[in-house]
Amino acid sequence: MPILNKDMTLCISLSARPSNNGTRFHNHLYGQLGLNWIYKAFAPTNLEQAIAGVRGLGIRGCAISMPYKEDVIALVDEMDPSAKAIDSVNTIVNTDGHLKAYNTDYTAIEQLLATNAVPTDYSVIVQGAGGMAKATVAALRDGGFTNVTVVARNEAAGRALADQYGFQWRPALDGGTADLIINVTPIGMAGSVGDPEAESLSFPAEAIEAARLVFDVVALPAETPLIRAARAAGKPVITGAEVATIQALEQFVLYTGVRPTAEQVRAAEEFMRGQ
């Protein structure tokens, strides 16, 4: 990485629980490609002020994570179809003060369902109703899945999401099982010491045992409690770390206009996971 200098291009991420995933992935690619860029993660205390800073300071790119993917919509100038279609943003590109919002989460989910050849006749339970859930449910619908249930305690958000895509909503699992279970809540995400959610299972053991495939979008840690339990039960898994790599790559391309080679991406992914 070049020594900090006045001509360096800055990209950032905004999250309530920032990790080093994006920081390591992007900065490693900048180094491989010889780009005079730097990437830094932040936990904003005021989202509106943070986005004003992106615009005012000429910050080129801004990744958006939970819980800001919907709140940020009112603060940008333009919504790309990838974000507008699901009313959820995970990427902002700043071009001379014009902020355009995108969603590369959708792309990541869509690609992973396809590359893992997940049968579209699988029954699916998606737990959660936030911005990442919107990307996930939209990708399922567009991928041809029809038997999908959204499980969310927030009835307004859960029912609205399910209705938008012609699926079902339930307030709780209540013993429900499916061929494919997907966690899109923060449960299992690495947090502060003593955080009970960090070591909690987002699905009960009976749902894991009944599933044919387990998918956790939580990227940190790479082996969440759900993923560990699924592996122990002999179930195939799709991890949040895989989601993080694909969506971060697409963000990198949007920010820089450069698409790294597969070898460069693998090296950056290995570096990211080595933290």
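User: Is asparagine 90 buried or exposed, and at what relative accessibility?
Analyst: The model is predicted. Asparagine 90 sits in the loop between H3 and S5. Buried means under 20% relative accessible area. Asparagine 90 therefore counts as buried, at a relative accessibility of 1%.

User: Which residues is asparagine 90 in contact with, leaving aside its neighbours within four places in sequence?
Analyst: Asparagine 90 is a loop residue, placed between H3 and S5. With its neighbours within four places in sequence left aside, its contacts are Cys62, Ala63, Ile64, Lys69, Tyr102, Asn103, Thr104, Asp105, Gln247 and Gln251.

User: How far apart in space are lysine 84 and asparagine 103, C-alpha to C-alpha?
Analyst: Lysine 84 belongs to helix H3. It counts as exposed, with 57% relative accessibility. In sequence, lysine 84 and asparagine 103 are 19 residues apart. In space, C-alpha to C-alpha, the separation of lysine 84 and asparagine 103 is 8.6 Å.

User: Is aspartate 87 buried, partly exposed or exposed?
Analyst: Aspartate 87 is in the loop between helix H3 (81-84) and strand S5 (91-95). Its phi is positive, about 50°, although it is not a glycine. The relative accessible area of aspartate 87 is 39%, so the class is partly exposed.

User: What is the relative accessibility of aspartate 96?
Analyst: Aspartate 96 lies in the loop between S5 and strand S6 (98-102). It is not a glycine, yet has a positive phi of about 55°. Exposed means over 50%. Aspartate 96 counts as exposed because its relative accessibility is 81%.

User: Which loop holds proline 67, where the peptide bond from methionine 66 is cis?
Analyst: Most peptide bonds are trans. The bond from methionine 66 to proline 67 is cis, with omega near 5°. The loop that holds proline 67 runs between strand S3 (61-64) and strand S4 (78-79).

User: What is omega for the peptide bond from leucine 220 to proline 221?
Analyst: Proline 221 is in the loop between strand S11 (213-216) and helix H8 (225-232). The bond from leucine 220 to proline 221 is cis, with omega near 5°.

User: How are H1 and H10 oriented to each other?
Analyst: The axes of helix H1 (residues 21-33) and helix H10 (residues 262-273) come within 8 Å. They cross at roughly 140°. The crossing of H1 and H10 is right-handed. An angle over 145 degrees would count as roughly antiparallel, so H1 and H10 are oblique to each other.

User: Which ring does arginine 24 lie over?
Analyst: Arg24 is among the H1 residues that meet H10, and Phe271 is among those on the H10 side. Arginine 24 is 4.0 Å from the ring centre, over the face of phenylalanine 271.

User: At what distance from the ring centre does lysine 40 lie over phenylalanine 42?
Analyst: Lysine 40 lies over the face of phenylalanine 42. The distance from lysine 40 to the ring centre is 4.5 Å.

User: How many aromatic pairs are there, and why is the pair of tyrosine 30 and tryptophan 37 tilted?
Analyst: Rings pair if their centres lie within 6.5 Å. By this rule there are two aromatic pairs. For tyrosine 30 and tryptophan 37, the centres are 5.7 Å apart and the planes are at 45°, so the pair is tilted.

User: Which residues do ring pairs link into a cluster?
Analyst: Tyrosine 30 and tryptophan 37 are both buried. The cluster linked by ring pairs is Tyr30, Trp37 and Phe252.

Terms used. Residues numbered from 1 in each chain as written. Predicted model: local features only at pLDDT ≥ 70, side-chain atom pairs only at ≥ 80, totals over all residues. Heavy atoms only, no water. Phe/Tyr/Trp six-rings, centres within 6.5 Å; stacked < 30°, edge-to-face > 60°. Buried < 20%, exposed > 50% of the residue type's maximum accessible area, 1.4 Å probe, protein only. Lys NZ or Arg CZ within 6 Å of the ring centre and 35° of its normal. Axes fitted to C-alpha atoms, helices over the stretch in contact; angles between N-to-C directions. Helix = DSSP H or I, 4+ residues; strand = E, 2+ residues; numbered from the N terminus. Parallel < 35°, antiparallel > 145°, perpendicular 65-115°, else oblique. Left-handed = near helix turned anticlockwise from the far one by under 90°. Contact = heavy atoms within 4.5 Å.
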